[in-house]
Amino acid sequence: MANIEILPLGAGQDVGRSCVVVTLAGKRIMFDCGMHMGYNDSRRFPDFSFLIPHAAGESAMGASGEVGASGAGVGAAGEAGANDSARETAVDFTGLIDAVVITHFHLDHCGGLVYFTEMCGYDGPIYMTTPTKAVAPILLEDFRKIMVERHGMRKFFTSADIKNCMKKVIPVALHETVHVDESLSLKAYYAGHVLGAAMFLASAGGSSVLYTGDYNMTPDRHLGAAWVDLCKPTVLITESTYATTIRDSKRAREGDFLQQVHEAVARGGKVLIPVFALGRAQELCILLDTYWERMGLGGIPIYFSAGLTAKANMYYKLFIPWTNQKIKESFVRRNMFEFAHISEFDRSYADSPGPCVLFATPGMLHAGTSLAVFKKWAHSPKNLVILPGYCVKGTVGAKLLAGETKALEVDASTVIDVKMQVSALSFSAHADAKGILQLISQCQPESVVLVHGERRKMNFLKDKIRSSFNLPAYNPPNGETLTLTTTPHLVIDLESDLVAASLSSKRKRLPSYAAANGDNDGDNDDDAAPLPLAAPLATKRAKLLDRPAIPLSGVLLVDRDSSGAVGDARLLSASSALQEMGMVEVGMTVAVDVHVADADLAAVAAHLAALPSLASELNMTHDPPNRLVSASTSLVISIPPDNPSKFVFAWHYRDDALARRALTAVHALAPAAQAAL
Ligand SMILES: [Zn+2]
């Protein structure tokens with residue numbers, strides 16, 4: 001039995017600062033190292049103190065109250081707090097974690113990485129896909145600027161820290177198996193969430209964990225759908241952002257979006273669409289640009305937050321294999337990411353008269369351009385804000401989605417009454433409930449752990465998983481270790497000579513075996529009819545179980561690697577195993593005296609020959625004048641020349657079981673016989 005431990009440092013029964021630490025066959029992997037957009041205090045980063053053995057349980061930094069209530073809300077220049085404590089910086093995180101894996105460039109999945117490596121001192125390997133490695137530092141730098149330059153945050157990581165951190169990153173290609181060390185390996189699968197997003201399968205010691213990060217099971221305008229092979233992980237750790245949602249058709253949502261934007265600009269309003277720099281932004285830009293062309297709306301400007309557009313387009317071009325088939329094909333004719341009607345935004349445009357559309361970062365309206373423009377446009381009922389993605393608790397976006405428009409606290413110094421129209425259209429590239437269940441049937445895990453979701457929704461999905469798949473499902477909160485006991489699978493290589501010997505000995509020596517198992521035609525062959533390939537799986541399995549098994553005995557050799565984890569296992573014949581281990585075989589012969597009144601060799605021979613199961617296995621022949629010798633075993637029955645009132649049974653220890661059966665049979669022949677060793 002082996003245990004898998006799952007400890008969420010963030011995203012346990014919550015969305016934001018994803019960070020799940022998994023212990024697998026003694027290896028500890030940190031999946032994602034994100035930040036929480038809703039907090040500006042110590043809860044911004046994952047609570048790494050949960051990793052310190054003696055501190056486990058006493059720390060619960062993430063468990064305290066709401067952002068607004070504690071006064072440390074968005075925009076407040078709170079210090080990093082307890083996470084920066086000397087206790088943490090003195091901890092050897094490199095010794096505690098074997099590998100860090102980042103699934104994609106969104107800050108709620110990678111925003112804590114630089115803090116963990118450059119400020120907490122983790123110096124071990126970091127894995128992510130090539131596009132993630134290229135894009136993450138841009139978003140991290142953007143985030144750093146907002147925090148340090150606009151919010152005056154001190155003790156924050158620097159541009160040099162970001163560079164140093166990214167230098168340690170080992171890029172991973174899709175479906176490539178990367179060996180972290182001799183027992184731990186990683187494999188990336190396409191997640192379809194944003195450019196370069198991947199799910200990761202970690203395997204060690206015969207167990208495996210598939211961690212999804214964010215994923216999308218339906219292809220969109222610029223990315224393909226998530227895909228994973230039948231990898232049968234011991235544990236599937238899946239996001240559950242939309243655990244209770246079955247979304248309406250994408251076409252209907254897109255129609256809604258275009259209609260709302262069109263109506264707003266037609267009445268002379270301004271439309272604000274807060275987006276992540278990469279991802280939904282490109283999706284919605286493609287949609288709107290095409291619509292503008294079709295409807296002849298070229299006179300109304302569409303803007304995208306300055307600076308990021310060009311960079312984003314460059315990365316899409318660079319990593320075109322990561323986009324969907326249609327984009328790949330059309331790229332030859334027209335660059336899908338160079339838009340006819342979309343130009344870069346300058347902050348001064350926010351005050352220009354007349355209608356316009358603005359895509360601005362960040363997506364949750366918690367800082368930066370989108371929040372600054374929102375403050376300017378929120379007063380007019382002609383204007384519209386469309387929130388196309390998920391907004392974490394504590395952000396202005398989340399407050400708007402919750403219907404808070406009266407006296408909305410935008411930041412520490414601003415409270416406004418929102419008059420502009422607010423619309424929520426889910427274009428998030430997350431799997432909905434149907435998609436999550438689809439992934440479960442695609443990879444067939446032994447158990448499911450939900451992270452990156454709200455507790456109430458998780459509970460609903462857990463029940464659904466239990467009833468649909470009869471699988472155990474869990475959703476541990478932050479700081480709580482979930483321990484799953486697993487039965488490790490051990491693949492055993494069989495020596496071909498051993499298999500051949502066992503097959504032939506079965507034919508020769510176990511005539512009753514096949515009969516007892518339904519093969520009663522007497523020829524003892526493995527003649528079960530071949531199974532038609534089209535037979536349903538259940539039938540095949542039943543038939544396989546009906547087939548006679550072939551007893552196989554040998555010596556099991558199991559290797560261990562330097563860490564003590566179980567490695568290759570082989571079943572060998574005794575002589576091969578001895579040779580392999582450089583040992584010498586020592587034979588042992590057993591001799592038993594059977595005292596009788598009159599030792600009659602012919603009577604014993606006749607008696608043994610009359611017992612069908614023994615006769616063919618022993619195949620005794622007379623060796624005149626006073627010995628019976630087994631042709632197929634080492635058993636010899638003899639009468640000593642000087643003592644005609646006893647038999648001597650002698651055999652090699654390997655034939656012990658059979659020889660003792662012969663001995664018992666002879667006792668039955670002469671009940672008064674006495675055996676003595
Ligand atoms: Zn994401």
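First, the basis of what I report. This is a predicted model, in which local features need pLDDT of at least 70, side-chain atom pairs count only at pLDDT 80 or more, and totals for chains, interfaces and linings use all residues. Residues are numbered from 1 along each chain as its sequence is written, and side-chain values use heavy atoms, with hydrogens and water left out.

Let us turn to the zinc ion. Which residues coordinate the zinc ion? They are His104 through NE2, His106 through ND1, His193 through NE2 and Asp214 through OD, at 2.2 to 2.3 Å. A donor here is an N, O or S atom within 2.8 Å of the metal (3.2 Å for Na, K and Ca); water is not among the atoms, so sites may look incomplete. Along the chain, the donors follow the spacing H-x1-H-x86-H-x20-D. The arrangement is irregular because the four donor atoms subtend angles of 89 to 169° around the zinc ion. For reference, four donors count as tetrahedral if all angles lie between 85 and 135 degrees; four count as square planar and six as octahedral if opposite donors are over 155 degrees apart and all others between 65 and 115; anything else is irregular. Both His104 and His106 are buried, where buried means under 20% relative accessible area, exposed over 50%, and partly exposed in between (1.4 Å probe, protein chains only).

Next, the strands. Helices (H or I, at least four residues) and strands (E, at least two) are DSSP runs, numbered from the N terminus. Two strands pair if DSSP finds at least two bridges between them. Seven strands form an open sheet in the order β7-β8-β9-β10-β11-β20-β21, with mixed pairing. Its edge strands are β7 (177–179) and β21, each of which pairs on one side only. Within this sheet, β8 (residues 185–190) and β9 (residues 198–204) are antiparallel and share six bridges; Leu186 has Ala202 in β9 as its bridge partner.

Elsewhere, strand β2 (residues 19–24) has six of its six residues buried. Cys19, Val21 and Thr23 lie on one side, with Val20, Val22 and Leu24 on the other. Strand β2 pairs with β3 (residues 27–31) in the antiparallel sense over five bridges, and Leu24 stands opposite Lys27. The two strands form a hairpin with two residues between them, and Ala25 in the turn has a positive phi of about 50°.

Now a helix. Which residues of helix α7 (residues 159–167) are buried? They are Asp161, Ile162, Cys165 and Met166. These residues lie on the same side of α7 because they cover an arc of only 130° around the axis, the arc being that of the directions from the helix axis to the C-beta atoms. The face turned away from this buried side carries the exposed residues Lys163 and Lys167.

I close with two residues. Gly479 sits in the loop between β21 (473–474) and β22 (482–486), and counts as partly exposed because its relative accessibility is 23%. The C-alpha atoms of Gly479 and Val20 are 9.8 Å apart, although 459 residues separate them along the chain. Lys317 belongs to helix α10 (residues 308–318) and is partly exposed, with a relative accessible area of 36%.
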